[in-house]
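Work through the exercises below with the sequence and the model open. Each task is followed by a stepwise solution.

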Amino acid sequence: MLRELRVRNLAVIEEAVVPLEVGLNVLSGETGAGKSILIDAILLVVGGRAQPDLIRSGADGAVVEAVFEVPPRHPALRVLDDAGHATADGQIIVKRELSRAGRHRVFVNDAPATVGLLALIGDALVEIHGQHEHQRLLEPARQLDLLDRFGEAEDPCGRVREAVARWHDARGRLRRLGDEARESLRQEELLRFQMSEIDAVNPKDGEEDELRGERRRLQHAERILAALQEVAGLLQDDGHDALSRLGLATGLLKDLERLEVPVEAALAGLEEARAHVEDALASVRGLRGRAVLDPERIEEIDSRLDALTKLRRKYGESIAAIWQYRQEVAAALERLDRQEALAAELEAEVEQLVGAARAEALELSGLRATAAERLEHLVQRELRALGMERARCAIALRRHPAGDDDLATDQTHWRIGPRGVETVEFLLSANPGEDLRPLARVASGGELSRTMLGFKTILAEAADVPTMIFDEVDAGIGGRVADVVGQKLRETAAGRQVLCVTHLAQIAAHADHHLVVDKRAGRARTATRVTPLDAAGRVEELARMLGGERIGEATRRHARELYRGARRGGRRGAGAAPPGGW
């Protein structure tokens with residue numbers, strides 16, 4: 001609930017502190033005193049648009065601060081928690097600073113915040129009903145919410161939303177599969193050709209380097225053979241070759257060995273050298289045997305290298321990339337082969353989800369029809385009590401034909417959306433002979449206010465906001481009807497906070513807490529103040545509301561009777577008796 005509202009330099013209000021309590025709080029005062037400014041202040045703290053012309057003349061800025069008390073697990077606390085704003089002791093303190101320079105600021109519990117966040121928590125904290133604006137009940141979506149709450153159909157509504165979402169998801173997957181299948185069919189021939197082309201070449205990692213080396217050797221075979229032949233000749237082919245010379249040197253050393261010359265080391269070196277030369281000679285002869293002139297092999301290598309180059313150009317910069325692409329092609333073809341089976345599975349899933357969504361939607365539709373009939377009857381009774389004896393109320397549940405792309409009921413083929421089969425609209429005919437029209441098109445502000453009060457009285461238990469504000473609910477009414485409106489506001493305030501701005505004493509008499517807004521003219525300017533009234537002050541204010549500026553004893557007596565009648569009418573927490581007795 002809204003525990004306190006603090007206003008500084010807003011329009012005619014220089015500074016005011018407005019204490020509010022649980023129950024019915026009434027704001028009264030002369031026309032132009034500033035009652036509507038307090039409503040504007042509340043609108044600012046729940047995310048309303050900041051207008052620079054709201055700033056008091058001569059001031060650079062204005063400040064509005066509101067202190068809310070909320071129970072644990074209240075939706076507003078969840079919103080703040082999601083936004084990273086801490087709350088302490090169940091309090092939410094909202095501060096809105098307006099500047100003529102346009103640098104407006106928002107704070108929630110002393111932390112900077114956004115106007116968007118105020119709007120989110122404001123929806124959970126305050127519901128404002130003016131004559132033609134800020135009336136959420138005029139919105140068909142809101143009307144559907146209230147009907148579902150009244151009919152205790154919120155859980156079925158949630159099940160419908162989930163069932164329709166599951167159907168949308170499955171149908172989307174089926175469509176994507178179909179699109180992929182069509183695209184794959186168009187590409188299947190290409191995919192199979194690509195895979196067969198890679199398989200036909202069957203590239204090996206490192207193969208190109210080996211082929212290029214072999215090609216170089218074949219390309220220079222004559223030069224290689226000549227060099228190898230010359231090497232072999234140098235090693236062993238005539239009397240001057242290496243092996244012959246090593247043999248001659250070895251024989252000479254052995255002759256010296258017989259003369260007991262120490263040539264063992266030299267002989268060992270020569271023997272080792274001879275062995276190395278023989279090994280080298282064997283290698284050269286082997287290379288000479290393999291080094292052949294083969295032009296046809298060069299052509300084969302060129303053809304293979306060309307095939308590998310084409311593969312790299314098409315499918316990857318390396319052999320590994322080519323084989324990776326080949327795996328992707330194979331996987332795509334495998335999906336194509338499995339698509340028929342997958343499509344059949346998904347089609348069965350979609351059909352099952354269609355059946356589930358239809359069942360949930362039709363159950364919800366039945367609950368709504370029953371709730372609408374009950375609500376119509378109760379609102380009709382409230383309107384009669386509020387002085388609209390000839391008014392007619394209807395709750396229109398409208399269904400819309402399904403399009404080709406919609407989820408539909410089976411036989412009647414109505415569209416099933418996330419909120420069910422139907423939309424809802426509250427209709428009113430205020431006078432005999434008038435057609436039923438949507439509430440948003442009701443011309444009379446008084447009729448609209450009373451109609452909405454009738455709905456709110458019935459739907460109060462289903463409403464989820466702790467503070468409700470009624471501005472100009474007394475437009476176009478008076479006398480007995482005003483007294484009934486006061487009673488209805490009192491009933492609506494049971495267990496919550498209601499703030500009502502009124503000019504009628506018959507309504508104000510039913511308040512739990514009465515505050516008066518008045519203007520005081522100073523030498524230089526006029527200032528507005530807000531004063532909570534005690535019992536004596538309430539009677540005096542009721543007398544002013546009844547008689548205007550000239551208040552006689554008869555008027556005061558009438559005011560006391562109104563006050564006494566309200567106490568006697570089952571008021572909770574009756575206040576002290578007014579002066580002058582009963």
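The model is predicted: local features need pLDDT of at least 70, side-chain atom pairs count only at pLDDT 80 or more, and totals for chains, interfaces and linings use all residues. Residues are numbered from 1 along each chain as its sequence is written, and side-chain values use heavy atoms, with hydrogens and water left out.

**Exercise 1.** Find the salt-bridge partner of Arg-368 and state what the pair connects.

Step 1. A salt bridge requires a side-chain nitrogen of Lys or Arg within 4 Å of a carboxyl oxygen of Asp or Glu. Arg-368 meets Asp-148 at 2.8 Å, N to O.

Step 2. Arg-368 belongs to helix α11 (residues 319-385) and Asp-148 to helix α4 (residues 140-150), so the bridge ties together parts 220 residues apart in sequence. Helices here are DSSP runs (H or I, at least four residues), and strands are E runs of at least two.

Step 3. Buried means under 20% relative accessible area, exposed over 50%, and partly exposed in between (1.4 Å probe, protein chains only). Arg-368 is buried at 1%, and Asp-148 is buried at 2%.

**Exercise 2.** Determine whether Arg-96 is buried or exposed, and look for a salt bridge.

Step 1. Arg-96 sits in strand β5 (residues 91-99).

Step 2. Arg-96 is buried and has no salt bridge; Glu-97, the nearest side chain of opposite charge, is 9.7 Å away.

Step 3. A polar atom of the Arg-96 side chain lies 3.0 Å from the backbone oxygen of Gly-48.

Notes: Lys and Arg count as positive and Asp and Glu as negative; His and the chain ends are not counted. A polar contact is a pair of N or O atoms within 3.5 Å; within protein, one must be able to donate a hydrogen and the other to accept it, and residues adjacent in sequence count only if both atoms are side-chain atoms.
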